[in-house]
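Please consult the sequence and the model alongside the text.

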Amino acid sequence: MKDQKELQKTIGGFFQLQLSNGEEYYPSLIKLNTTRNALEYILKVQGYTKIYIPYFTCDTILEPMLKLAVPYEFYTLDKQLDPIVDFEIGYTECFLYTNYFGIKQHTVEKLSKNVKNLIVDNSQAFFSKPIDNIDTIYSCRKFFGVSDGAYLQLNSSLRLNIETDISFDRLLHLIKSIDVGSENSYGNFVENDKSLENNDIKKMSVLTQKILSGINYQNSEKIRKQNYNYLQENLALINELDIEIPLDAVPMVYPLLISNDKVKTKLIANKIFVPTYWPNVFKWTNEQMFENHLAKHLVPLPIDHRYTIKDMERIVCVLKDIIHELAS
């Protein structure tokens, strides 16, 4: 017998936007609207009474704690971006660690064995598979052309009863950038970011799910690795961040740490757009702290599937010219 949904299916009318059919990268994980709501989901279900978070993180992470009135405390990182855990984590408390730039999976694996109530923030490490029984969060829009979307592995059988999100009205910056470029769509991108603040926890929208089902993930992985390796071969000697990455890592960016305030500005002037991770860190830290140094001097170079080795060559060439100019 046909189910009710199939019987009521619309036939005819105009065509929808045509998207490829395929499978999502994490089809079995909980699909939610945002990563901050994925964290809120964990805090609600697990009932944690306090959370430890790194100084070096985006301030949007505070949103669920403020909503739920869950106390939080900052911890520091060492020069390898490993956490300095010099405190006791209580039975009902949890510890959040970020898999920075998608290159810290070895640290995640160590922490999963030694730290209780661990939450792994894989928002910068989409391709790092979750470890069994560890609460793990993923961001979709940091890696792909979607306006929202998050995945959650939850170490609990409990599920919240939530509505499905609707995201068609968040698509303007993605579509507009195809026609007129990302520079002319940046204002719309910022508006979309703003629209994601203080939303209720919802299931991932049908539209976002559909877009994620049509992505060539294998190709995206391959290109990111190639681009990262090219930059590492050419920039390792000037990179103050010396971290050995796992062979199977699929980084989000190439994290170049270089102690000169002007490098980032000059790259942007050459239309190589690099963000600051994260301006809020300056408010949370002092100039003697490593996290402050990271926020000030880290240059996250783009390596994603939109770019070729030729683009990486241009980045290296422009960077070397900038460094030569600043040194003379």
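Tyr 186 is located in helix H6, which covers residues 186–195. In this predicted model, Tyr 186 has a relative accessibility of 52% and therefore counts as exposed, since the cut-off for that class is over 50%.

Tyr 186 also belongs to a nonpolar patch on the surface, which it forms with Phe 189 and Val 190. Together, these residues present about 280 Å² of accessible area.

How many salt bridges does the structure hold? The total is 13. One of them joins Glu 63 to Arg 36, with 3.2 Å between the closest N and O atoms. Glu 63 is part of helix H3 (residues 62–68) and Arg 36 is part of helix H2 (residues 35–46), so the pair ties together parts that lie 27 residues apart in sequence. Both Glu 63 and Arg 36 are buried.

Another salt bridge is formed by Lys 67 and Glu 40, whose closest N and O atoms are 3.1 Å apart. This pair, too, links distant parts of the chain: Lys 67 lies in helix H3 and Glu 40 in helix H2, at a separation of 27 residues. Lys 67 counts as partly exposed because its relative accessibility is 34%, whereas Glu 40, with a relative accessible area of 5%, is buried.

Glu 325 and Lys 266 meet through their side chains in a salt bridge with an N to O distance of 3.0 Å. The pair connects distant parts of the chain, with Glu 325 in helix H12 (residues 309–327) and Lys 266 in helix H9 (residues 262–269), 59 residues apart. Glu 325 is partly exposed, its relative accessible area being 44%. Lys 266 is likewise partly exposed, with a value of 26%.

Salt bridges can also share partners, and in this way Glu 40, Lys 44 and Lys 67 are joined into one network.

## The second largest pocket

Which residues line the second largest pocket? The lining consists of Phe 15, Gln 16, Leu 17, Gln 18, Leu 19 and Asn 21, together with Val 206, Leu 207 and Lys 210. Sorted by class, this lining has five nonpolar residues, three polar residues and one charged residue.

Key:
Residues are numbered from 1 along each chain as its sequence is written. This is a predicted model: local features need pLDDT of at least 70, side-chain atom pairs count only at pLDDT 80 or more; totals for chains, interfaces and linings use all residues. Side-chain values use heavy atoms; hydrogens and water are left out. Patches are made of residues with over 30% relative accessible area and no salt bridge: like charges are joined within 9 Å, nonpolar side chains (Val, Leu, Ile, Met, Phe, Trp, Tyr) within 5 Å. Accessible areas come from the Shrake-Rupley method with a 1.4 Å probe; for residues, only the protein chains shown count as cover. A salt bridge is a side-chain nitrogen of Lys or Arg within 4 Å of a carboxyl oxygen of Asp or Glu. Helices (H or I, at least four residues) and strands (E, at least two) are DSSP runs, numbered from the N terminus. Buried means under 20% relative accessible area, exposed over 50%, partly exposed in between (1.4 Å probe, protein chains only). On a 1 Å grid over the protein atoms alone, a cavity is a set of points where a 1.4 Å probe fits but cannot get out, and a pocket is an open set with protein on both sides within 12 Å along at least five of seven lines; lining residues have an atom within 4 Å of a point. Ala, Val, Leu, Ile, Met, Phe, Trp, Tyr, Cys and Pro count as nonpolar, Asp, Glu, Lys and Arg as charged, and the others, Gly among them, as polar.
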